[in-house]
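Welcome! Please take a moment to look over the sequence and the 3D view before reading on.

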Amino acid sequence: MDRVEQTVVVPIPPSTNGIWRVVRRRHRSSMVLSRNYRNWLTITTALMRQQLHPAQYPCRVIITITGGKGWRVTRDLDNVIKPVVDALRYAHVLPDDSCQYVVYVSAAYVENARKSSPAECIITIAQANQTPNNARPAQ
C-alpha cells in the first residue's frame, strides 16, 4: 500500500506559549505540561492513531488552520507548529521530530466563510519528494 499523503483533522492546538506551567513545591520550581495541553494531546493522539499510519521518511508536515470558533485572528500562527509535531511523535506517526525525519513544516491560515463553525486544524503528512494537495506555493 502506497501512503504518499495522509490527512487528519484535529482540534485547534494550544499555543506553544501555553504548553508549560511552573509548579512550585518546597522551595523548588519545576516545569510541567499544562492541563490544557495534556487534554489536547490525549484527544489528538487518539485521532491520529485511528486515522494515520507511520509516515514515510523524510516527510513534510503541512498545517492548515481554518478560522472559526476557537481561533482568534490575533493569535500567532507559528505557535501551532510545535504542539502538532509533538503530537505526531506521541502518536507514533513520527519516531522523532528531527530533520532526519521531518524536512519541511509549514502553517497556513484560511478564513472560514462561516464564522459560527468551529475552527479546525488540518494536518497533512507527505513524503518529502511529493507536494501535498493543501501546500501553498511560495509567493
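## About the model

This is a predicted model, in which local features need pLDDT of at least 70 and side-chain atom pairs count only at pLDDT 80 or more, while totals for chains, interfaces and linings use all residues. Residues are numbered from 1 along each chain as its sequence is written, and side-chain values use heavy atoms, with hydrogens and water left out.

## Helix 2 and its cover

Let us begin with helix 2, which spans residues 81-90. Helices here are DSSP runs of H or I with at least four residues, strands are runs of E with at least two, and both are numbered from the N terminus. The buried residues of this helix are Pro83, Val84, Val85, Asp86, Ala87 and Leu88. Buried stands for under 20% relative accessible area, exposed for over 50%, and partly exposed for anything in between (1.4 Å probe, protein chains only).

What lies over these buried residues? The cover includes helix 1 (35-51), strand 4 (59-66), strand 5 (102-110) and strand 6 (120-127), where contact means heavy atoms within 4.5 Å. After helix 2 comes His92, which has a positive phi near 65 degrees.

## A salt-bridge network

The model has two salt bridges, each defined as a side-chain nitrogen of Lys or Arg within 4 Å of a carboxyl oxygen of Asp or Glu. In one of them, Lys82 pairs with Asp86, and their closest N and O atoms are 2.9 Å apart. Because the two are four residues apart in helix 2, about one helical turn separates Lys82 from Asp86. Lys82 is partly exposed at 39% relative accessible area, whereas Asp86 is buried at 5%.

Arg89 also forms a salt bridge with Asp86, at 3.5 Å from N to O. Arg89 is partly exposed, with a relative accessibility of 26%. Through shared partners, Lys82, Asp86 and Arg89 are joined into one network.

Now turn to strand 2 (residues 20-25) and strand 3 (residues 28-33). These two strands pair in the antiparallel sense over six bridges; strands count as paired if DSSP finds at least two bridges between them. One of the bridges links Arg21 to Val32 in strand 3. How many of the six residues of strand 3 are buried? The count is zero, so this strand is hardly covered.

Two residues lie between the strands of this hairpin. Arg26 is in that loop and has a positive phi of about 50 degrees although it is not a glycine. Arg26 is exposed at 80% relative accessible area, and His27 is exposed at 90%.

Trp20, Val22 and Met31 make a nonpolar surface patch of about 310 Å². Such a patch takes residues with over 30% relative accessible area and no salt bridge, joining nonpolar side chains (Val, Leu, Ile, Met, Phe, Trp, Tyr) within 5 Å and like charges within 9 Å. Areas come from the Shrake-Rupley method with a 1.4 Å probe, and for residues only the protein chains shown count as cover. Trp20 is partly exposed at 42%.

Pro58 sits in the loop between helix 1 and strand 4. The peptide bond from Tyr57 to Pro58 is cis, with omega near -15 degrees.

The structure holds zero disulfides, a disulfide being a pair of cysteine sulfur atoms within 2.5 Å. For Cys59, the nearest cysteine sulfur is that of Cys99, 11 Å away. For Cys121, the nearest is that of Cys59, at 15 Å. Cys59 is buried at 0% relative accessibility, and Cys121 is buried at 0% too.
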